[in-house]
Amino acid sequence: IKEEKSMFGFYRANGRKNAPAIITVPSTASTSYHVGDALVLTNGAATKAGATVKPTHICAQEYVAPASGNQPIAVYPVLDGYEWITTFAAAPTGIVAGSKVTLHTDSAQVTATTASGVAEVVDMHGATASGDEVIVKF
């Protein structure tokens, strides 16, 4: 499944019977959100997850929060057993299933960096280059 835009997309729920439910969480003022962004709650509001921060949610809508009067955004919770499909932002040299890699600066892809990694590679689908798909879990 090749996506035109890099993002985290739900792949499957191992050990769970349901796909993730969409919930809403507060947004952060002056922040742009894109479907598939990895997010965390900071001070009670959604922000993009940093490279070494395990995401708690994946964004489920496009939204540009204004400086004031921002609305809640739709997200998928990141739960144990959920697997997500995304792409490598760099060639995955030396990466194998079981490696833990960091999030890319766009919060929508993973890198080939294993130091302090938060996304465990489940299946590389033969990935060898930047832009190739990978299945991860958090």
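Two strands count as paired if DSSP finds at least two bridges between them, and the strands themselves are DSSP runs (E, at least two residues), numbered from the N terminus. The views below come from a predicted model, in which local features need pLDDT of at least 70, side-chain atom pairs count only at pLDDT 80 or more, and totals for chains, interfaces and linings use all residues. Residues are numbered from 1 along each chain as its sequence is written, and side-chain values use heavy atoms, with hydrogens and water left out.

**View 1. Strands S6 and S8 side by side.** Here strand S6 (residues 57–59) runs antiparallel to strand S8 (residues 73–77), and 3 bridges join them. Look for His57, which stands opposite Pro77 in S8.

**View 2. The open sheet.** Five strands follow the order S2-S8-S6-S4-S5, with antiparallel pairing. Strand S2 (23–25) and strand S5 (45–48) each have a single partner strand, so one side of each is left without a neighbour in the sheet.

**View 3. Aromatic pairs.** Rings of Phe, Tyr and Trp (its six-membered ring) pair if their centres lie within 6.5 Å; planes under 30 degrees apart count as stacked, over 60 as edge-to-face and the rest as tilted. The count comes to 4 aromatic pairs. One of them, Phe10 with Trp84, is edge-to-face, at 5.6 Å centre to centre and 80 degrees between the planes. This pair links distant parts of the chain, with Phe10 in strand S1 (residues 9–13) and Trp84 in strand S9 (residues 82–87), 74 residues apart.

**View 4. The aromatic cluster.** Phe10, Tyr82 and Trp84 form one cluster.

Terms used. Helix = DSSP H or I, 4+ residues; strand = E, 2+ residues; numbered from the N terminus.
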